[in-house]
Each structure stands twice: as structure tokens, then as C-alpha cells.
Amino acid sequence: MSRALRIYYAAGPGDVLGTYRHWREGRDDPSQVAVTYSGQFYDLVRELEAEALVVASNRTPARLWEGALIIKHRAVPFDQSASGVLYHLGQFWSAIRLIGSALWYRADVAVVVNGTCDWFPLRVLPALGVEVVPTVHCVLWRKGERLRGVRKLIATLDRKFFARSVAALMSASHEITTQISKVAGGRARPVHEFLPSYRREQFAGLGEPPPQRKPFRVLFAGRIEREKGVFDLLEIAKAFGAAGRTEVEFDLCGTGGVLEELKAAVAAAGLGGRFRCHGHRDKATMREMFARCHAVIVPTTTQFIEGFNQVVAEGVLSGRPVITSSVCPALEYVREAVVEAPPDDVGAYGAAILRLCDDLNYYRSKVAGCRAAQGQFYDPERSWGTALRNVLRSAGLIAHARPAAWAATAVTAAKPSSSPSL
């Protein structure tokens, strides 16, 4: 090949430009605890001396053209619509737009994060010389859900895509891999699984959980949405108060669509002293929050399409037992460190908290389980970047004749006049 490898990366909703600015300065994005997938992508592109067009579905407009990289934020239409028909119309339009951009860019491969578009329209790309690598971070359907209507039709249309049209797939969990296989009728292309990746220094020296168990502090981190179980936590706090178990306190870190509603409900219940909503916290502050807590809770409900919830891994890496359910595919990887509750069972979640609070030997056994499960999240061979490298190698896309130009230049607010609208 007479030019460098060109990769189109449809990166999901993250702030890929913000991450790039930190990456260019030689540091991780401080807004995230895990090593970001886009940061791992930039590492790989530089290692391969490739060129890349990175398009994120972030709603904040941004654009950059710097050396071998083009970076753009471009929202997916109707991606938050309550109407299934409108949602999939937006997904189909996003797929057509992606196909056009990949062809304009003369990409050799398109790496596409789920949620960017429906999969089946991308079947045309391999026929036009562009390999496709889906990177699937969430389950395709909710736990216990029976597909019907538009969702069933979409799954049927996706079958040939997963079975025939892709070089390989990337999956964030065994559960996701199983669902991909079901959609493909058991004939899915090779699947490379990956785990979230962390720096050891983020958790080094964190120490054992606080020996003082009054108060017993439970940490929630993530989106403040009803489907994430945050109002279930409030119901648990109310029940504990009624039973005189006021030593159990809750800290919630994150933002979301129901944050203000939750704050109002907490105030109305008179629980502000032991049910605290902190909003978004950066990596350094989250380290402090993990250090102060005794347990981490991830009460995602069956109404949410969950991926590998990174907070489960972060609780384990902090040496704090995690309370969650089988709704979270991450459970399978860290079971020895987890107290499992039945999905959507508020009473069982409350009982799990009290068992950790009251049974010190049981609590210590789960802390030991955390230590046993930590290594996999530090292993670079299990990272997203390594999985992508392996896919590109197996597809014969690694070796190219001319490397990309990786000269450092200043970030600019606008592209050259010859740049496309993408």
C-alpha cells in the first residue's frame, strides 16, 4: 500500500477532543478514573504510524485537524428520543452519514462503537473496500427482555452483518459476546473481548477500608438516572432510618437527568445528613471517595441496557466490596468480591448492605476477594487497545508502506479551508 493505514473511529459520546488534549501532553484524561478508550486509540494510532478520523457522538460541538488526526464531535439525531421509531430513524441516518464520511476519508477500516448507528446498513462498507470492526460496550437487549416489534426486526437485519460482513468484533463482556452469537445464529465472526484498563498508581496506597464502621459509608458512582437505581437507594435509606439503622450513610457521585429531582426527594425525606449527592467528581476526588467508603453499590435496574459497569471494577480495585446484581455483566469477572442481589429487589440490596455492615468476617472475605480479582484490570493484554491491535493484525491491516506524519502542532479551533464538513 502506498499510504499509511487510515482508520475511521466512531468513538461514542465521550469528549474525545478533551481527552486528546490531555493525551498530547502525556497524561490521562483527569475526568475519568479508567484509561479512556479514545486515549488508548491515540496510543495505537501513533504506534502504528497511522492516520485517523475520530468522530464522537458528543453533543458539544468541536473540531480539530492536527497532523495525522482529524477529530470531530457530531451528535446522533434522536438518540435520546422516547420513540423507538424516531430513535432508529436517527440511527439509520447516522449510519448513512458514517458510510459517506468513511468513503470520503478513504478509510481502510471503520471501528464503530455501538450506539453510533444501527449495524446492518454498514454491510455495504466491506464491498466498497472498508473493513468494519464493531466494538460493543453494552448488551444488545435488557436482561430478561423479549425482543419484539422494531427491535426484533433490527436484530434480524443485523444477523448477516455479524455473521458475514465484519473482519472481527470487539466485546466488553461474556454476556455481550453471547448475545452477539445469538443474533448471528451462532455464526458470528471472531470476537475479541476486552476489559476496562487502569493505572496502578490510581489505587496505590489507598489502604484498607476505614476501621471505624460507624458511620458505614456506601458509595454510588455513575449516572443519576432512575434506571440506575438511585431512587431505590433512597428507599433503602428511608427503611434504614425507620429501623434505627442511621449509622449507614450514602454518598452519590455523578450527574444525570434526575439529579435535581433526587435532591428534592432527599430533602423532603429529611435525609440530607446521611444521603449526600455530590455531583460529578474528577479522578483525584473519586480516589478520596473510594478511600472513605466501606462498600460500593451498583443497583442498576432491568430497565437499563448495561455494559461492563466500570464502577464495579473500580470498587474492586479500591479493595471495597461491591453490591450489585446480574444486570451488570461485570459481576461474572469479580464474583468473589461481590455481594449479589436479585435484580430490582430493593429489600435484598438493603439486606446485603447490612450483612457487610454487621458481619465483619464476611466483610473481610469480600475484601480478600477484591485483592484476588484486581490483576485483570491492570493487564495490558486484556485492554481495549490490545484487542483492537489484534483485530487489525488478523485482518492484515497492520503493515503499510508509508507512515503518517506525526509532527506536533498546536491545536487550532478551525480546520483548513479545504477540509470537508464530514
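On a 1 Å grid over the protein atoms alone, a cavity is a set of points where a 1.4 Å probe fits but cannot get out; lining residues have an atom within 4 Å of a point. Grid points are joined across faces, edges and corners, and a volume is the space filled by probe spheres set on the points.

This is a predicted model, in which local features need pLDDT of at least 70 and side-chain atom pairs count only at pLDDT 80 or more, while totals for chains, interfaces and linings use all residues. Residues are numbered from 1 along each chain as its sequence is written, and side-chain values use heavy atoms, with hydrogens and water left out.

**Confidence**

Colour the chain by pLDDT, the predictor's confidence in each residue, from 0 to 100. The average is 92, and 94% of the residues score at least 70. Now select 405–421: the pLDDT there is below 50, and the stretch has 34 contacts in the model beyond near neighbours in sequence (contact means heavy atoms within 4.5 Å).

**Cavities**

There are 2 cavities of 30 Å³ or more.

Next, select Val-55, Arg-74, Val-76, Ser-94 and Thr-116, which lie nearest the centre of the largest cavity among its 13 lining residues. Strands E1 and E2 and helix H3 are the elements that give two or more residues to this lining. Helices (H or I, at least four residues) and strands (E, at least two) are DSSP runs, numbered from the N terminus. H3 gives the most, with 3 residues. The volume of the largest cavity is about 90 Å³, and its lining divides into 7 nonpolar, 4 polar and 2 charged residues.

**Strand E5**

Select 109–113. How many of the residues of strand E5 are buried? The count is 5 of the 5, so E5 is largely enclosed by the rest of the structure. Buried means under 20% relative accessible area, exposed over 50%, and partly exposed in between (1.4 Å probe, protein chains only). In a regular strand the side chains alternate between the two faces of the sheet. In E5, Val-109, Val-111 and Val-113 are on one side and Ala-110 and Val-112 on the other, and both faces are covered.

E1 (6–10) runs parallel to E5, joined by 4 bridges, and Tyr-9 has Val-111 as its bridge partner. E6 (131–136) also pairs with E5 in the parallel sense, over 5 bridges; here Ala-110 stands opposite Val-132.

**Helix H1**

Select 16–24. The buried residues of H1 are Val-16, Leu-17, Gly-18, Thr-19, Tyr-20 and Trp-23. They pack against H2, E2 (51–56), E3 (62–66) and E4 (69–73). Just after H1, Gly-26 takes a positive phi of about 85°.

**The second largest pocket**

A pocket is an open set of grid points with protein on both sides within 12 Å along at least five of seven lines. Select Gln-40, Ser-197, Arg-199, Pro-380 and Ser-383, which lie nearest the centre of the second largest pocket among its 16 lining residues. Its volume is about 300 Å³. H2 (37–48) and H14 (384–394) each supply at least two lining residues, and H2 has the largest share, with 4. The lining of this pocket is made up of 6 nonpolar, 5 polar and 5 charged residues.

**Backbone details**

Most residues other than glycine have a negative phi, and most peptide bonds are trans. Select Phe-78, in the loop between E4 and H3 (84–105): its phi is positive, near 60°. Phe-78 is partly exposed, with a relative accessible area of 43%. Then go to Asp-344, in the loop between E14 (338–340) and H12 (346–358). Its phi is near 65°, and Asp-344 is partly exposed at 37%.

Finish at Pro-215, in the loop between H7 (200–203) and E9 (216–221). A cis peptide bond joins Lys-214 to Pro-215, with omega about 10°.

How values were computed
Ala, Val, Leu, Ile, Met, Phe, Trp, Tyr, Cys and Pro count as nonpolar, Asp, Glu, Lys and Arg as charged, and the others, Gly among them, as polar. Two strands pair if DSSP finds at least two bridges between them.
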